[in-house]
Amino acid sequence: MNAYLAALRPALRAVVAALVVALAAAGLSVVAATPATAGTVSSRVMSMSSDTYEQKVQYFINQQRAKRGLSRLAFESCTDGTAESWAQKLASRHEFYHQDMGNILDRCHAYYAGETLGKGAISPHRLVYLWMHSPAHRAVLLSKHAKRIGVGAYVDSTGSWVTAANFTKF
């Protein structure tokens with residue numbers, strides 16, 4: 001039975017990933033963990049500090065950009081502040097929707113702004129993987145217009161990371 005389950009894990013992960021992306025595209029959120037990975041992923045991921053989680057998300061985004069010959073996104077304090085405050089608001093209110101990009105444009109004096117959101121008991125690597133497999137999120141992560149990044153990540157009361165990644169160009 002264990003060999004059978006081990007053989008099914010890649011297929012289950014693909015189905016869960018597709019479901020998460022489809023629900024996210026529809027404006028819904030889910031906790032993305034399969035029974036086979038829920039215990040180990042959650043304990044490792046949930047013991048991570050917000051700063052570490054955010055740094056890893058930024059690292060994996062830049063890794064995806066580098067694979068495609070795109071410039072590395074630099075950390076920027078105003079962009080980060082908008083991501084931090086938005087993720088904290090969403091986590092504390094149990095909400096999940098995009099903020100008005102006009103807020104980022106005005107606050108940070110930018111002429112390009114983009115945002116990706118994620119929610120679930122998932123690792124930073126898995127989050128970026130899911131974004132890269134969603135055409136709309138992938139377009140934001142790989143935008144040639146983006147030059148700066150800020151990431152906010154907070155755990156809500158249900159144990160899910162709520163993450164906002166904001167992208168700007170000045």
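The following dialogue asks how the labels given to this predicted model follow from its computed values.

Student: What should I know about the model before reading any value?

Tutor: This is a predicted model, in which local features need pLDDT of at least 70, side-chain atom pairs count only at pLDDT 80 or more, and totals for chains, interfaces and linings use all residues. Residues are numbered from 1 along each chain as its sequence is written, and side-chain values use heavy atoms, with hydrogens and water left out.

Student: What is the mean pLDDT of the protein, and which residues stay under 50?

Tutor: The mean is 83, and 75% of the residues reach 70 or more, where pLDDT is the predictor's confidence in each residue, from 0 to 100. Residues 1-39 stay under 50. For that stretch the model has 33 contacts beyond four places in sequence, a contact being heavy atoms within 4.5 Å.

Student: How many helices and strands does the protein have, and in what order do the elements run?

Tutor: There are seven helices and four strands. Both are DSSP runs numbered from the N terminus: helices are H or I with at least four residues, strands are E with at least two. From the N terminus on, the order is α-α-α-β-α-α-β-α-α-β-β.

Student: Why is the link of Cys78 and Cys108 called a disulfide?

Tutor: A disulfide is a pair of cysteine sulfur atoms within 2.5 Å. The S to S distance for Cys78 and Cys108 is 2.1 Å, so the pair meets the rule. By this rule the count comes to one disulfide. Cys78 lies in helix H4 (residues 77-93) and Cys108 in helix H5 (residues 101-108), 30 residues apart, and the pair links distant parts of the chain. The angle about the S-S bond is -90 degrees, and the link is left-handed.

Student: Are Cys78 and Cys108 buried or exposed, and how do you know?

Tutor: Buried means under 20% relative accessible area, exposed over 50%, and partly exposed in between (1.4 Å probe, protein chains only). Cys78 has 17% relative accessibility, so Cys78 counts as buried. Cys108 has 5% and is therefore buried too. In the protein, buried residues make up 46% of the 170 residues.

Student: What is Thr82 in contact with, and why is Thr82 called buried?

Tutor: Thr82 is found in helix H4. Thr82 has 2% relative accessibility, so Thr82 counts as buried. Leaving aside neighbours within four places in sequence, Thr82 is in contact with Gln99, Ile104, Arg107, Cys108 and Asn166.

Student: What makes the pair of Tyr53 and Trp161 stacked?

Tutor: A search of the whole structure finds three aromatic pairs. Rings of Phe, Tyr and Trp (its six-membered ring) pair if their centres lie within 6.5 Å; planes under 30 degrees apart count as stacked, over 60 as edge-to-face and the rest as tilted. For Tyr53 and Trp161 the values are 4.1 Å centre to centre and 20 degrees between the planes, so the pair is stacked. Tyr53 is in helix H3 (residues 50-67) and Trp161 in strand S4 (residues 161-169), 108 residues apart. Tyr53 is buried, with a relative accessible area of 1%, and Trp161 is buried at 1%.

Student: Why is the pair of Tyr59 and Phe60 called edge-to-face?

Tutor: The ring centres of Tyr59 and Phe60 are 5.2 Å apart and the planes are at 70 degrees, so the pair is edge-to-face. Tyr59 has a relative accessible area of 49% and is therefore partly exposed, whereas Phe60, at 16%, counts as buried.

Student: How do you know that S3 and S4 pair, and which way do they run?

Tutor: Two strands pair if DSSP finds at least two bridges between them. Eight bridges join S3 to S4, so they pair, and they run antiparallel. Val155 stands opposite Trp161 in S4. S3 and S4 form a hairpin with five residues between them, and Gly159 in the turn has a positive phi of about 90 degrees. Strand S1 (residues 74-75) is joined by two bridges to strand S3 (residues 148-155), and these run parallel. The bridge partner of Phe75 in S3 is Ile149.

Student: What makes Asp156 and Lys119 a salt bridge?

Tutor: A salt bridge is a side-chain nitrogen of Lys or Arg within 4 Å of a carboxyl oxygen of Asp or Glu. The closest N and O atoms of Asp156 and Lys119 are 3.5 Å apart, so the pair meets the rule. Asp156 lies in the loop between S3 and S4 and Lys119 in strand S2 (residues 112-120), so the pair ties together parts 37 residues apart in sequence. Asp156 is buried at 6% relative accessibility, and Lys119 is buried at 19%.
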